[in-house]
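Thanks, everyone. Please have the view open.

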Amino acid sequence: MKPATPDELIEALSRALRYDGKKRVHHVDPIMAKDTAERLVQHLLGCGFVVMRKEAGAAPSAPQSY
């Protein structure tokens, strides 16, 4: 695991504010979601939080048939 960058956190929080699963939430403005996410990240970093991100794993491979 590695620490998530502020940009990664902003993107993840902004998406969480704009979507409910795969369904778009229509009452949320994308610009407001990004501004809110930026403010949340700024506050978390100021409070000393460290958010970890799991590194991407290897792509799954198909089982070999003999």
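Start with E38 and K34. These two form a salt bridge, and their closest N and O atoms are 3.7 Å apart. Both residues belong to helix α2. They are 4 residues apart, about one turn of the helix. E38 has 32% relative accessibility, so it counts as partly exposed. K34 is partly exposed too, with a relative accessible area of 43%.

A caution before going further. This is a predicted model. Mean pLDDT for the protein is 86. Of its residues, 85% reach 70 or more. Helix α2, residues 30-46, has the highest mean pLDDT among the elements, at 94. So which element has the lowest mean pLDDT? That is strand β3, residues 23-24, with 82. Where pLDDT is low, the predicted coordinates should not be read in detail.

Back to the charges. How many salt bridges does a search of the whole structure find? The search finds 2. Besides the pair in helix α2, there is R53 with E8. Here the closest N and O atoms are 4.0 Å apart. What does this pair tie together? R53 lies in strand β4, residues 52-53, and E8 lies in helix α1, residues 6-18, so the bridge ties together parts that are 45 residues apart in sequence. R53 has 41% relative accessibility and counts as partly exposed. E8 has 23% and also counts as partly exposed.

In general, side chains of opposite charge can pair when their charged atoms come close.

Next, the rings. A search of the whole structure finds 0 aromatic pairs.

Last, the surface. M1, V50 and M52 form a nonpolar patch there. Together they have about 350 Å² of accessible area. V50 is in the loop between α2 and β4. Is V50 buried or exposed? At 61% relative accessibility, V50 counts as exposed.

To recap the contacts. Over to you for comments.

Definitions and conventions:
Residues numbered from 1 in each chain as written. Predicted model: local features only at pLDDT ≥ 70, side-chain atom pairs only at ≥ 80, totals over all residues. Heavy atoms only, no water. pLDDT = per-residue confidence, 0-100. Helix = DSSP H or I, 4+ residues; strand = E, 2+ residues; numbered from the N terminus. Salt bridge = Lys/Arg side-chain N within 4 Å of Asp/Glu carboxyl O. Buried < 20%, exposed > 50% of the residue type's maximum accessible area, 1.4 Å probe, protein only. Phe/Tyr/Trp six-rings, centres within 6.5 Å; stacked < 30°, edge-to-face > 60°. Patch = residues over 30% accessible without salt bridge, like charges linked within 9 Å, V, L, I, M, F, W, Y side chains within 5 Å. Areas by Shrake-Rupley, 256 points an atom, 1.4 Å probe, with all protein chains shown as cover.
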